Number of protein chains: 2
Amino acid sequence: MTQGAGTDRAVRERSAERPIGAAGPSAWTAVADLLHERGLRWTPQRRRLVDVLVGTDGHVTGSELVERCRDVDPTTTPSTVYRTLAVLEDLGLVRHHHGMDGREEFHVLPDEEHGHLYCRGCGGEWEIAAAEAATIAEAFHRGRAFDVDPSHVTIVGTCAGCREGLAAEPRATPESRWSVPRPRARTG
Amino acid sequence: MTQGAGTDRAVRERSAERPIGAAGPSAWTAVADLLHERGLRWTPQRRRLVDVLVGTDGHVTGSELVERCRDVDPTTTPSTVYRTLAVLEDLGLVRHHHGMDGREEFHVLPDEEHGHLYCRGCGGEWEIAAAEAATIAEAFHRGRAFDVDPSHVTIVGTCAGCREGLAAEPRATPESRWSVPRPRARTG
DNA sequence: CATCCTATCGCAACCGCTTGCAACAAGGAC
DNA sequence: GTCCTTGTTGCAAGCGGTTGCGATAGGATG
C-alpha cells in the first residue's frame, strides 16, 4: 500500500533533476520518460494535463485543473484528470494537500517542499518554508519518534492584519459556517 | 441591549461550565438554554443529534453522525445534521477539522483543544496536546505574528512503528492514491 | 387556546471527487 | 505493418457534503 523505500526515493531524485515546472514542452519528454520507466503510458490526456500544469504557478484546486483541461479539450473527463494527478504525484511531480475547506489543492513540485499557513480571517495563504517546517518536524521526531511530512503541514489561524481587524469588528456573522472563509468562488 | 448579559461571551463560558459530553440527558437542558439565549430553537432533530453526540467519544466523521442519527430516526436528513453541527460548533459545543482524506471529523468539545497527528502508514491518529501545539504556535507567533489555532493543527507523517515496517516492505502498489490510507471503512 | 414571526426542516439538485467496468489504445514483440 | 498484453479512458453511479427554497413548526405573545 504505502511507498516502499527504494523505488520511491529513486523517483524523487530523478524528478528533482528535471522539474516539470522549469522547461516548456521539453518537460514532456521528461515526464514521458518517467512514465515509461515505470511501464506507464504517455497518452494525449496526460500530455494535456501536464501542459496545463506547466502553465500553472502556485496552487490550483482539482476542479480548476479539470476546467483548464476542458478549455483545451472540452471532452476532458474529471476521473481521468484526478487519476492522472494521482500518477503524477506518485512520480513526485506534483503535490496535493487539503485546503481549509477540505478541497484538494495541487501544485507543481517546487524547488523545495513546504507546508501551508492559512488565515481564517482573510483567507490568505502562505507557504511554510522547509526550514521552518523542519523545526516542527524535529520537535515531533524527538518527542514522539514521528517523521513529519513537511509538505503536509497545514497551520490555520489568524494573521497579524486580521487579528487587529477582528478585534475591532463586533462579531462574525453567525452563519459563517465553521467560521472559516467559504469555498472560493469557481473561477470559471 | 436590554440586559447586559453579553450574549456571545456568556455563551462560550457557559459551554465550558457544562460540557455536553459530561452529563447524560441533563446536557439537553444546557444546550437548550444555549440555543434559547441566542434566539435559536430546540427541535427534536437537534435533540437527536445532541443525543448521539453525548454518546460519542473521540472523533466521528460527519457521515457517521448522520448514520447514527438514522439509527435512531430513519427519516433523518443529512442537511439537517450538518446544519445543526454548524450551529453546535458556533456555540462552541463541537469542533470539526479535516482528516487526511479531506473528510470532516467532529468531536465533542474536549477538556482542552488539541491538534491531530496522522500516520500515513497505519492510518493511526493521535492527539496533539495543547501544550505541545503551543510550541508550534509560539514559533509562528514570533516569526510571523501569526496566531495559530491549535485545534486546527494537523500533522501528517510516519510513526515510529511504520517507519521500520516500511523500510522492510518491498514496494507499494502504484494505485495507492496519494500514498495515504483510504477512507476508513464505515463503522456501521 | 389562537396568532404570528421566523428559525428550521426536508427535498432536490448540485459540487468535488472516487470507483467499477467495459471498451480502447499505447507500445513492445514479431 | 500486425498482433497482443495491459495500462488508460470515459461513462455512469455513488459518496460526502452544501445550498436554495417552499413548507413546517417552535415558542413568545395576547
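**A friendly note on a predicted protein–DNA model**

1. Let us start with burial in chain A: of its 188 residues, 32% are buried. Please keep in mind that this is a predicted model, and that the points below should be read with that in view.

2. Chain A contains seven helices and seven strands. Starting at the N terminus, their order is α-α-α-β-α-α-β-β-β-β-α-β-β-α. As for how the chain folds back on itself, among the contacts in chain A with a separation of 6 or more, 54% join residues 24 or more positions apart.

3. How confident is the predictor in chain A? Its mean pLDDT is 74, and 71% of the residues reach 70 or more. Within this chain, helix α1 (residues 5-17) is the element with the lowest mean pLDDT, at 35, while α5(A) has the highest, at 97. Residues 1-19 of chain A have a pLDDT below 50, and this stretch makes 29 contacts in the model beyond near neighbours in sequence. Residues 168-188 of chain A also fall below 50, with 18 contacts beyond near neighbours in sequence. Where pLDDT is low, the predicted coordinates should not be read in detail.

4. Leaving aside residues up to four places away in sequence, B:Ile136 touches A:Ile136, B:Val148 and B:Val153.

5. By class, the surface near DNA strand C has five nonpolar, 14 polar and ten charged residues.

6. DNA strand D has 29 residues around it, and A:Leu40, A:Gln45, B:Gly62, B:Ser79 and B:Glu104 come nearest. Here the elements giving two or more residues are α3 (44-54) and α5 (78-90) of chain A, along with α4 (62-72) and α5 (78-90) of chain B. The surface near DNA strand D divides into five nonpolar, 14 polar and ten charged residues.

7. A:Ala145 has a phi near 55°, which is a positive value in a residue other than glycine. A:Ala145 sits in the loop between α6 and β6 (147-148) of chain A. Is A:Ala145 buried or exposed? A:Ala145 is exposed, because 12 other C-beta atoms lie within 10 Å, and a residue with 12 or fewer counts as exposed.

8. In chain B, the phi of B:Ala145 is near 55°, again positive in a residue other than glycine. B:Ala145 is in the loop between α6 and β6 (147-148) of chain B. With 12 other C-beta atoms within 10 Å, B:Ala145 is exposed.

Notes: Residues are numbered from 1 along each chain as its sequence is written. Chains are lettered from A and ligands numbered from 1 in the order in which they are written. This is a predicted model: local features need pLDDT of at least 70, side-chain atom pairs count only at pLDDT 80 or more; totals for chains, interfaces and linings use all residues. Two residues are in contact if their C-beta atoms, placed from the backbone, lie within 7 Å. Helices (H or I, at least four residues) and strands (E, at least two) are DSSP runs, numbered from the N terminus. A residue is buried if 20 or more other C-beta atoms lie within 10 Å of its own, exposed if 12 or fewer, and partly exposed in between; C-beta atoms are placed from the backbone. A residue is near a molecule or strand if its C-beta atom, placed from the backbone, lies within 6 Å of it. Ala, Val, Leu, Ile, Met, Phe, Trp, Tyr, Cys and Pro count as nonpolar, Asp, Glu, Lys and Arg as charged, and the others, Gly among them, as polar. pLDDT is the predictor's confidence in each residue, from 0 to 100.
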